[in-house]
Amino acid sequence: MENLTNIGKIKDIFNKHGFNFSKALGQNFLINPTVCPKIAEMGNAKEGFGIIEIGTGIGVLTNELAKRADKVVAIEIDDRLMPILKETLAEYDNVKIINDDVMKTDLHKLIENEFSGMEVAVCANLPYYITSPIIMKFLEERLPIKSLTVMVQKEAGQRFCAGLQSRDMGSVTVAINYFSTPKMLFNVSRGSFMPAPNVDSCVVRFDIKDETPLGVTDEKFFFDVVHGAFQQRRKTLCNSISSSLRLNKELVINAIEETNLPLTVRPEQLSMDDFISFAENLKKIVK
Ligand code: SAM
């Protein structure tokens, strides 16, 4: 259906179905007609690809994905949107809507059942209240996907794409760079949404790596160390790790020295190789 970004059309749909926005579900729908085609084109929605969409709203991005990709499977939590989507996506026979919480969806099974013989990519204008958990779920589950192209709050996007050894980075930056190569694509102003949020947004793409960095022998322990390192942001690596992982400071000092890092080093000064060596040295000492 055309015109899903037209405010009059959206109001007509809402009136007909008695729909109103849920703030708790992060419902800020896109009304800028230029954004969805760009997300679809830059997000691998093309022949040979199946697309997973998270959070359809009234189907504005779903339409652009369905025009370009072989198949779209969209996961939307709000059952009030189901009758609306039946109308707005009526012309497509390559779209399937799953009324579920994406955090509870078995994504491996979904890909196996729905996208046989296709490459798979993820595209979404994410609900901002669970941006990082959704991104981490898609990355940590090691899904057979090519890319994850998502609209997020501008500050979050800057942190995701900051690169290691920069001020803006956090534990999620390490995880993103471990599993993927992140790229900032474009900014989207707050006026592009209805209702308008208080912050601007941006679209980022994570191209999934074929191979994750070498040297990690225990991924769970590695990410415990990474999360622990950033739990107290302004502290040194030594203080942060010893308090967040409840480890004797002497043991942490040994691991830092073994990694050839200064004792005053802060987590945001470590490279990926430093994090891996430090976690491996700490593991040898404490496990
Ligand atoms: N794609 C639409 C657009 O661009 O206009 C809607 C985007 S809106 C920012 C986020 C959507 O995600 C809403 O439709 C909301 O109901 C849905 N949503 C929120 N939490 C969800 C969850 N846990 N699982 C699946 N969908 C969710």
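**Chat notes: overall fold and helix α10**

Q: What share of the 287 residues in the protein chain is buried?
A: Buried residues make up 53% of them. Bear in mind that this is a predicted model.

Q: How many helices and strands are there?
A: The protein chain has 12 helices and 9 strands. Its radius of gyration is 21 Å, close to the 19 Å from the globule rule for 287 residues, so the chain is as compact as a globular protein of that length.

Q: And what does the C-alpha trace span along its principal axes?
A: About 65 × 40 × 30 Å.

Q: What about contacts between residues at least 6 apart in sequence, how many join residues at least 24 apart?
A: 69% of those contacts in the protein chain do.

Q: Which ones are buried?
A: Leu237, Cys238, Ser240, Ile241, Ser242 and Ser244.

Q: What do they pack against?
A: Three helices: α9 (219-229), α11 (249-258) and α12 (272-286).

Q: What does the backbone do just after α10?
A: Arg246 takes a positive phi there, about 50°.

Q: OK, charges. How many positive and negative side chains?
A: 34 positive and 37 negative, with the centres of the two sets 5 Å apart.

Q: Last one, the surface: how much of it belongs to carbon and sulfur atoms?
A: 47% of an accessible surface of about 13,200 Å² for the protein chain.

How values were computed. Residues numbered from 1 in each chain as written. Predicted model: local features only at pLDDT ≥ 70, side-chain atom pairs only at ≥ 80, totals over all residues. Heavy atoms only, no water. Buried < 20%, exposed > 50% of the residue type's maximum accessible area, 1.4 Å probe, protein only. Helix = DSSP H or I, 4+ residues; strand = E, 2+ residues; numbered from the N terminus. Contact = heavy atoms within 4.5 Å. Rg over C-alpha atoms; globule rule 2.2 N^0.38 Å. Areas by Shrake-Rupley, 256 points an atom, 1.4 Å probe, with all protein chains shown as cover. Lys, Arg positive; Asp, Glu negative; His and termini not counted. Charge placed at Lys NZ, Arg CZ, Asp CG, Glu CD.
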